[in-house]
Amino acid sequence: MKDQRIRAYLDAQKSEHGRPWVLAFPVLYPREVLTALDVNVREVWSDASGGLVTDPGKLQGYLCPTVRGIQAVLGRAQHGASVAIVPHTCDSMQGLGMIARATPEWGVRVITFRHPRGTDRPAARQFLRRELEAFIADLQDALGRTLEPSKLAQAIDLHRKVERALANVLAHRAQLAMSDADLYAVLRSIEWMHPSDLLAELGKIEAQIEPGAPRRPGVGVVMSGMTPEPEGLFETLQDVGAYVAGDDYAAIGRRIPADEGPMDGDPIGAVVERLLLMPPCPTRASDSSRRIARLRQLAQDTGARGVVLHTVKFCEPELFDVPIVRRALEQSGLKVLHLETELEPRVTGQIATRLEAFVEMLGNGRSA
Ligand code: SF4
């Protein structure tokens, strides 16, 4: 149903505004460039058509369900796109990109975007700029469109407005009389909605913020991971007496740069700067001490009592971070739950039980 709604929106955007859409896979890519080329993006974080994808297809059986799901979407060849953006943020995604390139029946031209690994330094900036220029050249060629610097500057401005609104909504989460399920249904439109429409949707939520309102009842937790799935996750959290106080999901909160970057000058340079300002993410081999500091700050700012490290099965970058992040957060007095899910179609009894036990422990103040 959700898939059909998204497809209807993208079809309408194409017929009414002449905007085709491209597919984009996790995690991070310079979306401002697509907006400047007047192209929509349909991000694919899982196979939203239904059940858990168990068929490894052309992939190794031990790869994460995210790439398996994306492979299933590509395999059905009903995605309606001629271009797929494949960020090289992990080995699994890189492998899928190579397979997609060698599989013409999937009907997409693969355009990659590579990130520098590790910390910000002059070589990383040079690499990122070269990568961005190659990305733009590939997109122009694939789409038959030309990127105008003035359009890119406008697109950056629009994305800044979206990020400001998203940050405002997330910061005032506890003063919003909205369930997490309803809120995230809007927030996840970022995966397919044109930023101007998304800005309007976020504006409607911002209008409901009452800064003086009492904090919502329940135990606040910080969620950190790739994507807020499976379906029913937020309803389950609510049922066990908790809510999402802080968001560090790659699909949502990790899209907001630490600051807005340079406001004038070369727009290509501004995009490079904005990419470097994105919150730490293990898929770009960020220093885990930065992620730990961010999670501590999120918990402190939102009054969250615990952190859920929510990983997808076989997600190596996230799993690599778990022990060190967990230990450091526990040392600072936060309770931590490592929750591993598989992009199941619905929350399972086991997931619900683990969340319930964690929230009970937070409520009781017992140690982990
Ligand atoms: S391994 Fe992790 S980062 Fe890579 S595609 Fe799978 S879920 Fe995403």
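Strands are DSSP runs of E with at least two residues, helices are runs of H or I with at least four, and both are numbered from the N terminus.

Quick housekeeping. This is a predicted model, where local features need pLDDT of at least 70, side-chain atom pairs count only at pLDDT 80 or more, and totals for chains, interfaces and linings use all residues. Residues are numbered from 1 along each chain as its sequence is written.

So, the sheet. We've got an open sheet of four strands in the order β2-β1-β3-β4, with parallel pairing. At the edges sit β2 (40-43) and β4 (109-114), each pairing on one side only. On average, neighbouring strands here are turned by 30° against each other, direction ignored; axes are lines fitted to C-alpha atoms, for helices over the stretch in contact, and angles run from 0 to 180 degrees between N-to-C directions. β1 (residues 21-24) and β3 (residues 83-88) pair in the parallel sense over two bridges, and Leu 23 has Ala 84 in β3 as its bridge partner. Helix α4 (residues 91-101) packs on the sheet, touching β3 and β4, and its direction makes about 150° with that of β3. Contact here means C-beta atoms, placed from the backbone, within 7 Å.

Now the core. By core I mean a set of buried Ala, Val, Leu, Ile, Met, Phe, Trp, Tyr and Cys residues joined through C-beta atoms within 7 Å. Buried means 20 or more other C-beta atoms within 10 Å of a residue's own, again placed from the backbone. The largest nonpolar core has 94 residues, and Val 22, Ala 84, Ile 85, Val 221 and Val 307 touch the most other members. Helix α6 (residues 149-171) gives the largest share of this core, seven residues. Leaving out residues up to four places away in sequence, Val 22 touches Leu 34, Val 39 and Val 41, among others. Across the whole protein, 42% of the 368 residues count as buried.

And who lines the ligand? There are 15 residues around the ligand, the closest being Cys 64, Thr 66, Cys 90, Ser 92 and Cys 315; the cut-off is a C-beta atom, placed from the backbone, within 6 Å. Helices α3 (65-76), α4 and α12 (316-331) each supply at least two shell residues, with α12 giving the most, three.

Last, the overall picture: 13 helices and eight strands. The C-alpha trace spans about 60 × 45 × 40 Å along its principal axes.

Notes
Two strands pair if DSSP finds at least two bridges between them. Two residues are in contact if their C-beta atoms, placed from the backbone, lie within 7 Å. A residue is buried if 20 or more other C-beta atoms lie within 10 Å of its own, exposed if 12 or fewer, and partly exposed in between; C-beta atoms are placed from the backbone.
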